[in-house]
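Let's take a walk through this model together, from the overall fold down to single residues. Have the sequence and the 3D view at hand as you read.

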Amino acid sequence: MRVELIKRPQQSALFSAVSPFIALALTLVAGAIMFSLLGKSPLDALYYYFIDPLREVWSLHELAIKAAPLILIAVGLAVCYLSNNWNIGAEGQFIIGAMAGSILPIIFPDFQGWYVLPLMLLMGIAGGAAYGAIPALLKVRFNTNEILTSLMLVYVAQLFLDWMVRGPWRNPEGNNFPETRRFHVDAILPEILPSSGRANLGFVFAILAAIVVWFLVTRTLKGFEVRVLGSSPRAGRFAGFSAKKMVFFAFMLSGGLAGLAGISEVSGAIGQLRPVISPGYGFAAIIVAFLGRLNPLGIIASGLILALTYLGGEAAQISLGLSDKVVRVFQGMLLFFVLGCDTLIHYRVRLVGFGAKPAVEGA
Amino acid sequence: MGIAESILLTIATAATPLLIAALGELVVERSGVLNLGVEGMMVMGAVCGFVAAALTGSPWLGVLAAIVVGALFSLLFGFLTLSVATNQVATGLSLTLLGLGLSGMIGEGFVGQAGQKLPSLYIPGLSDLPLVGRLVFGQDPIFYMSIALTVGIMWFLFRTRAGLTLRSIGDNHASAHALGIPVIAYRYLAVMFGGACAGLAGAHLSLVYTPQWVENMTAGRGWIALALVVFASWRPLRVLAGAYLFGAVTIGQIHVQALGYGIPSQLLSSLPYLATIVVLVLISRNRRLTMMNTPASLGRAFVPDR
C-alpha cells in the first residue's frame with residue numbers, strides 16, 4: 001500500500017480548523033495503546049493525565065504556572081517559524097533571560113523597592129533578546145545555519161548557568177548547596193489570587209503577549225511582512241521588505257519573550273536560580289507552537305494542553321507509578337501527529353494498493 | 001603505552017560516533033532530505049544497544065539491535081516527510097524530541113547498571129607493534145566500521161551509478177522524477193541508511209565509549225554530526241577530518257579539566273559546542289563554497305505529480 005497526495009487547489013478551511021483536534025485524538029489513542037503496553041489501564045492513565053489535574057482549584061493554578069512559559073515562548077517561536085527562521089534555541093534564551101534578570105536580586109540584594117521587579121523583567125527580556133540575536137547575526141552576516149547555532153547555544157547557556165550557580169553566584173549562606181540566594185520580596189512576581197493558589201503574573205504576561213502578537217501578525221503591516229517573507233522570500237524582496245531585518249526581528253522577539261518567560265519562572269515559581277530551571281520548556285514550546293498552528297490565540301489553548309501533560313505526568317506518577325519519562329514520549333508523539341495531520345490542509349490523501357500502479361511510474 | 005599514543009586512541013574513540021552519524025546524515029542530505037532527528041536516532045541506538053546487550057549478554061547483538069532500531073525509528077521520519085510531505089525541519093525536530101523521550105523510558109530500569117563492553121581488536125604481534133600497534137590494530141570494531149564506511153560511501157557516491165542517481169535526486173528531484181527515477185524510494189533507503197548509521201553511532205557510545213546507559217547520553221553529538229556535514233561541505237573525507245578535529249577538541253578539554261589550571265569545568269565542557277559554532281561560521285561565510293556544494297533540493301518536500 002502506498003500513500004498518494006493530491007494537491008488541493010486551495011487550503012482546506014475545514015482541515016485547518018480540525019487538524020489539531022484529529023492530532024490530539026490520535027495521540028490519545030496512541031497513548032492508550034502505550035499505557036496498556038506498560039501494563040496500566042489506559043482509561044485510568046488518561047484520566048490521571050487529562051482530567052484529574054483539572055478537578056481542584058490549586059491544581060488549575062499549577063496549570064497556569066506551567067502554561068505561562070510555554071505560551072510565552074511558543075508565541076515568539078510562531079513569529080520565527082512564520083517568517084521561516086528556525087529558532088530552536090529558545091531553551092537557551094530562556095536561561096539567559098532568567099540569569100540577566102536575576103542579576104539585581106543576586107548581586108545587589110540591598111537594592112530594594114517596587115521598581116526592582118519591572119527592571120528585572122526588562123533585563124530578562126533584554127538578555128533573552130541579546131542571546132537570540134547571536135544566531136540571527138551569524139545567519140545574516142555569515143550565512144550560518146541558524147538551526148545548528150541556536151541549538152548549540154542552548155548547551156552553552158546550560159553550562160554557563162551551572163557554573164554561575166555553583167560558583168560565583170552560589171548563596172554565601174547556603175551550606176554549599178548549588179543554588180543562589182533566595183530573591184527578596186520586591187523581586188518576587190506577585191500571585192494573581194494568593195487565596196486560592198500559586199499562579200503568578202507570568203500567566204497574565206503570557207495571555208497579553210499572545211494577544212499582542214496575534215494583533216501584530218494578523219492586523220499590521222509588520223505581520224504581513226512576516227508572512228510574506230516566510231512563504232516567499234522573492235515576493236518579499238519585490239515588496240521592498242528586508243529579509244535581514246526580519247531575521248533580527250524574529251529572533252529578538254522570540255528571544256525576548258523566552259527571556260521574559262525565564263525571568264518570570266525564576267522570580268515566580270522558583271524564587272532563586274538553580275543549576276536546572278526548566279524541564280525543557282524551550283523544546284516543548286516548539287510542539288506548542290505547531291499544535292497551535294502558529295496562531296498566537298491557538299497557542300494559548302495548545303500551551304494549556306501541553307501544561308496539562310506535565311501536571312498529568314506528575315499525577316500519573318503518584319497514583320499509578322507511571323514513569324515521569326512518559327510525558328516526553330507523549331509530547332513527542334503529539335508533534336508527530338500534528339505535523340502529519342497538517343498535510344490534510346494542503347493535500348487530499350489517497351491510499352493506493354500495490355495493484356493499481358500509475359502509468360507514469362516504472363522507468 | 002605512551003601518553004601521546006593513549007591520547008590519539010581516545011581521540012579516535014571520541015571521533016568515531018560523530019563520524020558514523022555524520023556519514024549517515026551525509027548520504028541522507030545528498031539525497032535532498034534534511035533529517036534533524038540524528039540526535040534522537042542516536043540516543044535510541046544507544047539505549048536499545050545497551051538494553052539488548054544487557055538482556056542477551058552479547059554486545060554484538062547490542063550493536064545489531066542499535067542498527068535495526070535506528071533504521072526503523074528513521075522510518076517514522078521517512079513516512080511523514082516522504083509519503084505525507086510534512087516539513088522536514090519540524091519533523092526531524094520531533095523525531096529528536098520523541099527519541100529523547102522514548103529512550104528515557106526504555107532505559108529507565110537500566111540506569112547505573114554496569115554494561116557490556118565491545119572488546120577491542122587484538123592481533124598478537126601486530127597489536128603489540130610500537131607506536132602504530134594499538135592505533136591501527138588494537139581499536140574497537142566500530143572504529144574499523146567507521147573507516148570502512150567512509151571509504152565505502154566515497155566509492156558509492158562518486159564511483160557508482162546508484163550514487164550518481166542519489167546525488168542527482170538531491171540536486172533536482174523534479175528532473176530526476178521526470179527521468180523516471182523512483183525519487184521517493186531512493187530517499188526512503190537513504191533515510192533508513194542514515195538511521196542505521198545514527199543507531200550504530202549510538203551503540204558506540206553505550207557499548208564502547210562509556211559502557212553504561214545515562215539519560216541523554218548523546219549530549220548533542222547528533223547535532224554536532226549535523227554540523228559536521230555542513231562543515232565538510234557534503235564530502236565524506238572532510239567529514240572524517242572534521243570528526244577527528246572535534247574528537248581532538250573533546251579529548252583536549254577533558255585533559256585540561258583533569259590538569260586543573262583553575263578553569264571552570266563548565267567552560268571547558270562548552271568548548272565542543274562553541275567550536276561547532278565557530279567552525280560553522282568559518283565555513284558558511286564562504287558563500288560560493290556553500291552554494292556549490294549544498295544539494296540544491298535539500299530540505300524541500302517532493303510530491304510527485306502524476
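Why does a radius of gyration of 22 Å agree with a compact globule for chain A? With 363 residues, such a globule would come out near 21 Å, so the value for chain A agrees; the radius is taken over C-alpha atoms, and the globule rule is 2.2 Å times the number of residues to the power 0.38. Along its principal axes, the C-alpha trace of chain A spans about 80 × 60 × 35 Å.

Before going further, a word on the ground rules. This is a predicted model, in which local features need pLDDT of at least 70 and side-chain atom pairs count only at pLDDT 80 or more, while totals for chains, interfaces and linings use all residues. Residues are numbered from 1 along each chain as its sequence is written, and chains are lettered from A and ligands numbered from 1 in the order in which they are written.

Chain A holds 13 helices and 2 strands (DSSP runs numbered from the N terminus, with helices being H or I of at least four residues and strands E of at least two). Strand S1 (residues 2-7) of chain A pairs with S2(A) in the antiparallel sense over 6 bridges, where pairing needs at least two DSSP bridges. Within this pair, A:Leu5 stands opposite A:Val349.

Leaving aside neighbours within four places in sequence, the contacts of A:Ile73 include A:Phe94, A:Leu257 and A:Tyr281 (contact means C-beta atoms, placed from the backbone, within 7 Å).

Where the chains meet, 45 residues of chain B contact 43 residues of chain A. H4(B) gives the most to the chain B side, with 12 residues.

How far can you trust all this? The mean pLDDT of chain A is 90, and 97% of its residues reach 70 or more, pLDDT being the predictor's confidence in each residue, from 0 to 100. Over residues 356-363 of chain A, the pLDDT is below 50. Where pLDDT is low, predicted coordinates should not be read in detail.

Terms used
Two residues are in contact if their C-beta atoms, placed from the backbone, lie within 7 Å.
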